[in-house]
Amino acid sequence: MRRAIYPGSFDPITNGHLDIIERGSKLFDEIIIAILYNPDKNPLFSIEERKALLEQVLPTINAGNCRFIVEDFEGLLVEYAIKRRVDTILRGIRAISDYEYELQMALMNRKLEPRIETVFLMAGEAFSYVSSRLVKQVFALGGKIDGFVPPLVEEQMRKKLNNKF
Ligand code: PNS
């Protein structure tokens, strides 16, 4: 069985992430979507909220027989991968600007654990400029984000914003 871990912050999940997961589902039988628990960051959504959003939007993509598991992890990604007995990390590349950061992470992970390989998929060009960070910024400043995140995510972001004021 071909398995991969797709790690990230997913704060929140965007249509760009879903595009990579859908593409990955053609290559893997099981994808573990692993949300990094980072106590240093001040996220918009808690880990539990991000997990719940992912679990609700994953069934909306065309994933064939691929099985999805949503989990969170803390600490080194390669250690988590070893613990889960997965030897492939899946990451998406949107534009050349992602390359350097991704290369650094992939090479560091390879140095830490040579048995683990990172596989990159190119995001669809419609998502080349979509990131969780920009989506949050645009939304907080009153811009439109439909098409960048699933409607459910936008709804939850609206609730968060309304609760702030
Ligand atoms: O979606 P993101 O925020 O770009 O994802 C980054 C992530 C979670 C893949 C990365 O920060 C990570 O793997 N963190 C775990 C810590 C770790 O293993 N660091 C060493 C390898 S660079």
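In this predicted model, an oxygen atom of the ligand lies 3.2 Å from an N or O atom in the side chain of Tyr101. Taken alone, the ligand exposes 540 Å², and the protein buries 76% of that. The ligand sits in the largest pocket, so let's look at its contacts, its shell and then the pocket itself.

- The side chain of Ser9 places an N or O atom 2.6 Å from an oxygen atom of the ligand.
- Leu77 takes part through its backbone, where a polar atom is 2.8 Å from a ligand oxygen.

**The shell around the ligand**
- Surrounding the ligand are Pro7, Gly8, Ser9, Leu36, Phe73, Gly75, Leu76, Leu77, Arg91, Tyr101, Met105 and Asn109.
- Sorted by class, this shell holds seven nonpolar, four polar and one charged residues.
- Strand E1 (3-8) and helix H4 (96-112) are the elements that each give two or more residues to the shell.
- H4 supplies the largest share, three residues.

**The largest pocket**
- The volume of the largest pocket is about 1200 Å³.
- Its lining counts 44 residues, with Gly8, Ser9, Arg91, Tyr101 and Glu102 nearest the centre.
- Elements giving two or more residues to this lining are E1, helix H1 (15-24), strand E4 (88-93), H4, strand E5 (117-122) and helix H5 (132-140).
- H4 gives the most here too, with eight residues.
- The lining is made up of 22 nonpolar, 13 polar and nine charged residues.

Terms used
Residues are numbered from 1 along each chain as its sequence is written. This is a predicted model: local features need pLDDT of at least 70, side-chain atom pairs count only at pLDDT 80 or more; totals for chains, interfaces and linings use all residues. Side-chain values use heavy atoms; hydrogens and water are left out. A residue is near a molecule or strand if one of its heavy atoms lies within 4 Å of it. A polar contact is a pair of N or O atoms within 3.5 Å; within protein, one must be able to donate a hydrogen and the other to accept it, and residues adjacent in sequence count only if both atoms are side-chain atoms. Accessible areas come from the Shrake-Rupley method with a 1.4 Å probe; for residues, only the protein chains shown count as cover. On a 1 Å grid over the protein atoms alone, a cavity is a set of points where a 1.4 Å probe fits but cannot get out, and a pocket is an open set with protein on both sides within 12 Å along at least five of seven lines; lining residues have an atom within 4 Å of a point. A molecule sits in a cavity or pocket if more than half of its atoms lie within 2 Å of its grid points. Helices (H or I, at least four residues) and strands (E, at least two) are DSSP runs, numbered from the N terminus. Ala, Val, Leu, Ile, Met, Phe, Trp, Tyr, Cys and Pro count as nonpolar, Asp, Glu, Lys and Arg as charged, and the others, Gly among them, as polar. Grid points are joined across faces, edges and corners, and a volume is the space filled by probe spheres set on the points.
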